[in-house]
Structure formats: C-alpha cells, structure tokens
Amino acid sequence: MTLLTDGITLAGRRAPSRVLFGPHPTNLGTADRELTERHTAYYERRAAGGAGIVVTETASVTDDDHPYERAPLAARCEQGWTEVGEACHRHGALVLASLGHAGGQGSSAYSQSVLWAPSPFADAASRELPAEMEQEQIDAVVAGFAEAARRTLRAGLDGVELDAGVFALLRQFHSGLTNQRQDGYGTDRLRLTREVVAAVREVIGADRVLALRLSCDELAPWAGVTPEQAAGQVAELADVTDLLVVVRGGPFATSAYRPDAHTEPQFNLELCRAMREAAGGRVPVVLQGSVTEVPAARAALESGAADLVEMTRAQIAEPRLVELVRAGTPERVRPCVLCNQACQVRDNRNPVVSCIGEPGSGHETEPEHAPRPAGGAGVQPVLVVGGGPAGLECARVLASLGHRVRVAERAERAGGMLRTAAAGGAARERLALLADWLEEECGRLGVRILTGTEIGSTELADAEDRGERVVLATGSRPAPRAWAAAGTPEPVFVLDVPVLLSGGPGALPPDGPVVVDDPVGGPIGVAVAEWLAAAGRQVHLVTQDQVAGVQLARTGDLSDANVRLQRAQVRRELRARLRELRSDHVLLEDIWTGATREVPCVAVVDCGHRLPEETLYLATPGTPRSGDCVAPRTVLEAVLEGRRLALRFASDAERVPVPAGAAASKASTTPVSPVRSQRR
C-alpha cells in the first residue's frame, strides 16, 4: 500500500514523502528578479513539515521573458537556489528549480520588448500579438534552459522541472491553438520540448531529476491539446524524463489550473490516471489539481491513479501537513478552503502569497509568526468576547502559549461570519471547515467555549475583578443604507445578508423577484444571487461596475462567475445604483447618465459594507479588540489580527506579573465539545 509518507527514489535521490510542493508565483522576490531570504524561509517551512519535493517558483530562462513584475530570472537565482537547497536539504526534502518561458503569455509591460511565441496568436487575456519565433530565438530559448540548468548544478539542487503547463511557451508549441507554423516545429509540435529536454539532460546528467509539468487538456478540443493527444505526448516523453506532473488548462482556460471551490477537488484524477497508463510505468506521475484532503490524496495513491500528489495550496494552508499525517494526527491539518483570496497573487496589487487561515504563510521571516514556547511566569486568564475567526484564532494562540482562555459567543455555535458565509451555496460550504478547525483546536488546547452567552459591560467588569484580561472580537453590524423609502406606506422588504443566510430563502417573502444590491462587487453578492436563483427565485443583481463581481478577478473566478450567473438566469443590472424603495419595485440610477429605471421586486438583499459592532468597546474604551469590530474586512484580516493581538498579550504577560489571587474563570458553563469536521 502506497502512503503519503512513503519515500520515493528519483534519479537515485530519495524523497522522504510522496507529497510535492509545486511552483507558484509568490511575490517574495525583488524588482531585480532574485530569490530572497523570504523564499528560503517559505520553502524551508514546507520541507520541515514533511514535503518530499519542493519546486521553486518558475524562473525565466531568458531575460526577454517577464511573466509578472517579480517573476524570478534564472540568471539571477543561483545564490537564492543555493540557500533554498541548503535550507530544505536539512530536512531531507529534494529541491527542484522550475524553469520556463511564458512566450506569448508574458508581459511586455515589464520587459519592454516584443513577446515571442510559436505563431502570431494573440493571448486571450492580454490581447497582445506576439512575434513568431525564428530559429535564432528558438536556439536562444534552448540555450537558456541549458544555462539555467547549469546554474542549478552549481547551486547544489537535486534537479529541475521544465514548465510545459498552462502559462508556458513549450505548451504553446504543443498546441494547434497557438502553433500554426509550417516548418518542422509545426509539423512536429513536440520538437522544441525534445530539444530542451535533451539539452538539459546533457547538462544535469542522469543523477539529477528532470521533471516535466505538462498540460494534458487545454479544454479547447476544436484545436487545442486533448487528453487523447496528450497520451501520445506522454508516451513519447516518458523515457526521457524522471517525473511527470499532469495539469489542465490553456490560453482560454487559465483558471482551470488552480480553480476555486466551484470546481470539485481532485478534478484531474481521471486525467492523471489516463496519463499514468500512457506512461506505462516508465516515469512516476504526479496528480495536481486542488488536492487538499489527506484521505483523498492517500486514496489517489492507493488506487494507482498517481505515484505522487501535489498539495501546494494545502501546504500553504498547513505547512506541517505531512508531519501531522506521519504523527497520526491528520485531523489537525488546517484545511484549505480553495478560496484563492490570499494565495493567488498574480494581480496588479503585487500582494505577497499567504492564506486566509494561516496568515504566517509568506511571512515566515517576520517575528510575529515565529514559533514561541508555551508557559512561563506571565501566564494569565483571558476572556475573549466573540467566537468568530478573530476571537477563535486569538484564543487558540493564547492557549497554545499556555494561557487559560474562555470564549463567550452569543450565538449557539462558534464560527461567526465563517459559518454564516458557508451557508451561501455549495462552493462556500468549505468555509465551515476552517471554522470547525479553529473550534477543534481551541477545544484540544483547553479553551472553554461558552455559546449562547451574552456579555455586557457588567460582565466585563466582573471578569476584570477576577483577574481576567479581556479581548473584544464582537464582529460587525449592518451599515445605514444609502437608499431611502419613497414615502410609500409599505416599501419592499429589506434583509441583511447574514440574516438571510442564517434563515435561508424562507426568510424572504414567499413570491416575487428579489434584488441583490452589491455595491462592493465582491464574492458575497455573486454568491447570494446564485444561491437565491438555485432556490427558484428570480434575481436581479445590482452593481455599479461594468461587470458583476469585479473583485473576483483577484481569485481567478470573474469570468466563470459571470458564466454561472448567465446560466442561472440572474439579471445583471450593471452600472447602476439603488436609489429608492417603492411598494413593489426599486428605482435604479445609471452611474454614467443619471437616467433612472424601475426593477420590480418584493425584497432587497443588502450586500454592502458593514460597520464594526463596537457597543462594548465604547462602553469600555481602550479594551483590546480585533477583527470586524475594528473594521469589517475579510477572513484573512480577522485571523491575522486575532493572532497579532494574542501575541501582543503574550509579550505583555511576560513582563507583567499575574495579579495575586487571579484564577481561571469561575463560570460554571461546561466546555463545548468541538464538532469533528467532515473532511471531504
């Protein structure tokens, strides 16, 4: 039986587990396109957590290729590769450098030079037309791969991974979509890849790993690579490579490479199985594609669908994943909710890679995320008011440092907005996994979670009298609405999103269309519109933008979201603001012309910004607080601020002696038994 924790030998080198941490943009680099100490700490954390193979983010093999601003350049990565290799080798992991060229999917905004591609085929995203490569440019690319491989040798790495995936020049040569050449590189579309493989193998020899990341389905069967064609490619390349990573996607389906939770996990399972059969046992095959749950990853290996599994986002969410599995505690793995909200960084904001549930990811060099010992003379009892993500994370960290913590939550279940949002359709159910994990970890650490418990200023004073320190994580409340009733005796029904999600579609009037007002343009409005449409309601989604859910561009879901809305027959009211409520309709105003129009409805769902719930804070000014009760934002900020506040408390406790006679909370409520989350 093949297990995740089993080792595997590649090119004579032993990987300690069959879990791969794959290449992905991180924005941890510099404007000079070098790897930094932040890369080293980031990769080492996954190696220490048990990853068998760490693949560094793709480095361009020629300086005219510049996929995004901080994309590494192989010519400037040798020192960084050396440091990453030394750090990860201390934990036994193999380290491969991903090498590639983005071709027509690069960016001339940074290179200020023409893009080169197999044929003059404009990229679907940038709309820029590349120049057709001549033999001079082809030779330069082959030489660039070889020279980059030579640098990895000097850096002491275990090998390379060649990128022929979704954003790769090599894949563009494989595909009839982008390769329309009439020469030998057109009649034989694998020719360039074979030349690159041969050149790299000559440099690195047989005792280092040569891996290939291969797009095996471009999802464009009219001309692109199909699984049937890919099987032939795999059969041809199996004897000249040491590892094959099977991926999906192409120029018209880039989001298929790492989709969010609207796509079921392990979506490449059968594709990988077919490619493994095509390889005929000549090369180990890696399953990629939202591999996030340990049981499912284990099953993929046991069933023979793959020889290894790539669990990149899962290890961003939980760097200790393999270590926890090896220790027999896989239930402690922090879940990946497949939201792409913090780990998808290829956008114009240049954010650093991170995770909504593990904000220390990407920030390993910052002191606040360094491990700290538990206990000490400054241990204190703490009351956390509010059991949402900020409160639970604060309680978890405080308890892990040895403090005695209780959480008072007025709802009947801890989890706050995470649980509320998880009710908004199938793709959002995974958010509850993070709430479950926080609740379970708090329970494991001895945190007392008192649900159905309302805390007022009197209770806060009592807690302080008992020597408890207090943290406020009281969440948010609805904001005043910018629109007004027009003097009709009974304007349409208005409902706040959390109230709707908690009560289900039945919280709305039984018949008639519903207006979803989304001034934010984020995932909430789109999700609510989809959810109501699935429940059989006629829905109008109102947005001031020219496309619905504009903020979803950051997660890669913008195009897919609008396709889903169209299929669900949601009527998108674009470039519009809601101005007035009438008895059976609302008045919308065009943001460009000021023209108004009426939309019939029986109810309005408010998806606008919320305000902090600060009643307790105003009654006790200066009380430490975190999360939405400071300013309502995303889960990432809530978790991060909960952690920061806990660490600040811990630092203060080391300096301030515990008051004489202080004890743990005397409340008689028994601890809540954490509910074991059902990992899918």
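Guide: Let us begin at a helix end: α4 is followed by glycine 156, whose phi is positive, near 80°. Please keep in mind throughout that this is a predicted model.

Visitor: How many residues does α4 have, and how far does it reach?

Guide: Helix α4 covers residues 135–155, which makes 21 residues, and from its first C-alpha to its last it reaches 30 Å, close to the 30 Å expected at 1.5 Å a residue.

Visitor: Which residues in α4 are buried?

Guide: The buried residues in α4 are Gln137, Ile138, Val141, Val142, Gly144, Phe145, Ala146, Ala148, Ala149, Arg151, Thr152 and Ala155.

Visitor: With which residue does arginine 151 form a salt bridge?

Guide: Arginine 151 pairs with glutamate 78, and the closest N and O atoms of the two are 3.3 Å apart. Arginine 151 lies in helix α4 whereas glutamate 78 belongs to helix α2 (residues 78–89), so the pair ties together parts that are 73 residues apart in sequence. Glutamate 78 is partly exposed because its relative accessible area is 21%, and the buried class requires a value under 20%.

Visitor: How many salt bridges are there in the whole structure?

Guide: A search of the whole structure finds 49 salt bridges. One of them joins the side chains of aspartate 183 and arginine 181, at 2.8 Å from N to O. In that pair, arginine 181 counts as buried at 8% relative accessibility, while aspartate 183, at 31%, counts as partly exposed.

Visitor: And where do arginine 579 and glutamate 589 sit?

Guide: The side chains of arginine 579 and glutamate 589 meet in a salt bridge, with 3.1 Å from N to O. Arginine 579 is in strand β23 (residues 576–581) and glutamate 589 in strand β24 (residues 585–590), 10 residues apart. Arginine 579 counts as partly exposed, given its relative accessibility of 35%. There is also a network in which salt bridges that share partners join Arg45, Arg46, Glu318, Arg320, Arg334, Glu358, Glu364, Glu393, Arg396 and Arg643.

Visitor: Which residues form the negative surface patch?

Guide: That negative patch is formed by Glu454, Glu459, Asp462, Glu464 and Asp465. Glutamate 454 lies in the loop between β15 (448–451) and α16 (457–465), and its relative accessible area of 55% makes it exposed.

Visitor: Is threonine 226 buried or exposed?

Guide: Threonine 226 is buried, because its relative accessible area is 13% and the cut-off for buried is under 20%. Threonine 226 is found in the loop between β9 (209–215) and α8 (227–237).

Visitor: What about glutamate 264, buried or exposed?

Guide: Glutamate 264 counts as exposed, at 52% relative accessibility, and its place is in the loop between β10 (243–247) and α9 (269–279). Glutamate 264 and valine 291 are 27 residues apart in sequence, and their C-alpha atoms are 9.7 Å apart in space.

Visitor: Last one: how many of the residues in α18 are buried?

Guide: Helix α18 is mostly covered, since 9 of its 12 residues are buried, namely Gly525, Val526, Ala527, Val528, Ala529, Glu530, Trp531, Leu532 and Ala533. Helix α18 runs over residues 523–534 and reaches 16 Å from its first C-alpha to its last, close to the 16 Å expected at 1.5 Å a residue.

Notes: Residues are numbered from 1 along each chain as its sequence is written. This is a predicted model: local features need pLDDT of at least 70, side-chain atom pairs count only at pLDDT 80 or more; totals for chains, interfaces and linings use all residues. Side-chain values use heavy atoms; hydrogens and water are left out. Helices (H or I, at least four residues) and strands (E, at least two) are DSSP runs, numbered from the N terminus. The expected span of a helix is 1.5 Å times one less than its number of residues. Buried means under 20% relative accessible area, exposed over 50%, partly exposed in between (1.4 Å probe, protein chains only). Patches are made of residues with over 30% relative accessible area and no salt bridge: like charges are joined within 9 Å, nonpolar side chains (Val, Leu, Ile, Met, Phe, Trp, Tyr) within 5 Å. Accessible areas come from the Shrake-Rupley method with a 1.4 Å probe; for residues, only the protein chains shown count as cover. A salt bridge is a side-chain nitrogen of Lys or Arg within 4 Å of a carboxyl oxygen of Asp or Glu. Lys and Arg count as positive and Asp and Glu as negative; His and the chain ends are not counted. The place of a charge is taken as NZ of Lys, CZ of Arg, CG of Asp or CD of Glu.
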